[in-house]
Amino acid sequence: MKQNFTVRQGALDGVEAFLSVAQHRSFRRAATELAVTPSAISQAVRALEARLGAVLFIRTTRSVGLTEAGERFLARARPAFEELVAASGAARELGQKPAGLLRLTVPRSVVPILLEPLIASFCKAYPEIEVELAASEELVDLAAGGFDAGIRMGQFINPDMIAVRLTKPFPFAIVGSPDYLARRGRPKRPDDLREHACLRLRRSNGGLAPWSLNDNGRSIELAVSGSFIGHDFPTLVGAAIEGVGLAQVPAPLVAGAVKEKKLVRVLEPFATTTPGVFLYYPGHRQIMPKLRAFIDHVKSRSAAAR
């Protein structure tokens, strides 16, 4: 059953004054503790009593005591107020030093080639920060998903986000296994792809991604065909290594397989270039220290790699 957490405006006004008076049994000592005048404490308590519709204190010239209503209110209000104070302290701590849970949404393809070494060094540098990686090809809403930041290729990042470069621009490579190319031959021009089994990518919106190529400075898109469809680049790379067909994937993702001759690049003069991979996050006026620490770490590592 869904609970209603709506708090009436002003419902907490005077509670701190009430608790201080109840603790000290004195309006004057409560005023000293809270650094206000005794009349201010009296006004706050009277306003609270008016809102509650009950008298909370028995006042005489010599003493202050709690009514039955005051005793009941104290029993419930004191632990609740202590929790609020503790919650404020916890929030303040996260706002003052790098700590807490840092949630990042990332595509699977960047985890092994980019994030594993970056995250390892970050976790060593900031042991009080927990890092959670949600690997998904879906372009999620950071705020709705509860993420601090995301990592994506530049062309997929909304212009209202702040972006920090993680890699240089790189080409999309078309690759096939030596066995596949021996069986089907090497394509020489984009039109040759019509005679090949092309591994296709299903986007998060359900559509099939066309292949993008660059023909003498002219950008072209091809609706290729093939019997295999994957939902992420690593799956397409694995299928290409097994000789299922040709795949178009980010070049850094297959650099190792090309070097080990498990895959061969084809149609290199027609490769398109992407802006690169970026860390992105909303343009808040105040960034939490945990995210600021990660941004600074990313920048320092990027500078060292140049």
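**Reading helix packing and backbone angles in a predicted model**

Analyst: Lysine 261 counts as exposed, because its relative accessibility is 64% and the cut-off for exposed is over 50%. Keep in mind that this is a predicted model.

User: Where is lysine 261 found?

Analyst: Lysine 261 sits in the loop between H9 and strand S13 (264–266).

User: How do I read its phi, and what is the value for lysine 261?

Analyst: General idea first. Most residues other than glycine have a negative phi. Now the case here. Lysine 261 is not a glycine, yet its phi is positive, about 65°.

User: Which loop holds asparagine 216, and what is its phi?

Analyst: Asparagine 216 is in the loop between strand S9 (211–215) and strand S10 (218–222). Its phi is near 55°, a positive value in a residue other than glycine. Asparagine 216 is exposed, with a relative accessible area of 79%.

User: Now helices. How do I describe two that pack?

Analyst: Two packed helices are described by the angle between their axes and the distance between the axes. Take helix H1 (residues 15–24) and helix H3 (residues 38–52). Their axes come within 8 Å and cross at roughly 110°. That makes H1 roughly perpendicular to H3. The crossing is left-handed.

User: Which residues of H1 and H3 meet?

Analyst: From H1, Val15, Ala17, Phe18 and Val21. From H3, Ile41, Ala44, Val45 and Leu48.

User: At what angle do H2 and H3 pack?

Analyst: Helix H2 (residues 27–34) packs on H3 at about 105°, with the axes 8 Å apart. H2 is therefore roughly perpendicular to H3. Phe27, Arg28, Ala30, Ala31 and Leu34 of H2 meet Pro38, Ile41, Ser42 and Val45 of H3.

User: Is serine 20 buried or exposed?

Analyst: Buried, with a relative accessible area of 3%. Serine 20 lies in helix H1. Leave aside its neighbours within four places in sequence, and serine 20 is in contact with Ala30, Glu33 and Leu34.

User: What does UniProt list for residues 16–67?

Analyst: The unreviewed UniProt entry lists them as "domain: HTH lysR-type". In the model, the span is 62% helix and 12% strand. Its end C-alpha atoms lie 18 Å apart.

User: How do I find the buried face of a helix?

Analyst: An α-helix has 3.6 residues a turn, so residues three or four places apart point the same way. Look at helix H8 (residues 233–241). Its buried residues are Phe233, Leu236, Val237, Ala239 and Ala240. Seen down the axis of H8, they fall within an arc of 165°, so they line one face of the helix.

User: What covers the buried residues of H8?

Analyst: The cover includes strands S5 (149–153), S7 (170–176), S8 (200–201), S11 (229–230) and S12 (247–250). Helix H9 (251–259) is also part of it.

User: At what angle do H8 and H9 pack?

Analyst: At about 25°, with their axes 11 Å apart. The two helices are therefore roughly parallel to each other. Their crossing is right-handed. Phe233, Pro234, Val237 and Ile241 of H8 make the contact with Leu253, Val254 and Ala257 of H9.

User: Which glycine follows H8?

Analyst: Glycine 243, whose phi is positive, near 85°.

Key. Residues are numbered from 1 along each chain as its sequence is written. This is a predicted model: local features need pLDDT of at least 70, side-chain atom pairs count only at pLDDT 80 or more; totals for chains, interfaces and linings use all residues. Side-chain values use heavy atoms; hydrogens and water are left out. UniProt positions are given in the numbering used here, feature names are shortened, and annotations may be inferred rather than shown by experiment. Helices (H or I, at least four residues) and strands (E, at least two) are DSSP runs, numbered from the N terminus. Buried means under 20% relative accessible area, exposed over 50%, partly exposed in between (1.4 Å probe, protein chains only). The arc is that of the directions from the helix axis to the C-beta atoms. Contact means heavy atoms within 4.5 Å. Axes are lines fitted to C-alpha atoms, for helices over the stretch in contact, and angles run from 0 to 180 degrees between N-to-C directions. Angles under 35 degrees count as roughly parallel, over 145 as roughly antiparallel, 65 to 115 as roughly perpendicular and the rest as oblique. A crossing is left-handed if the near helix is turned anticlockwise from the far one by less than a right angle, and right-handed if clockwise.
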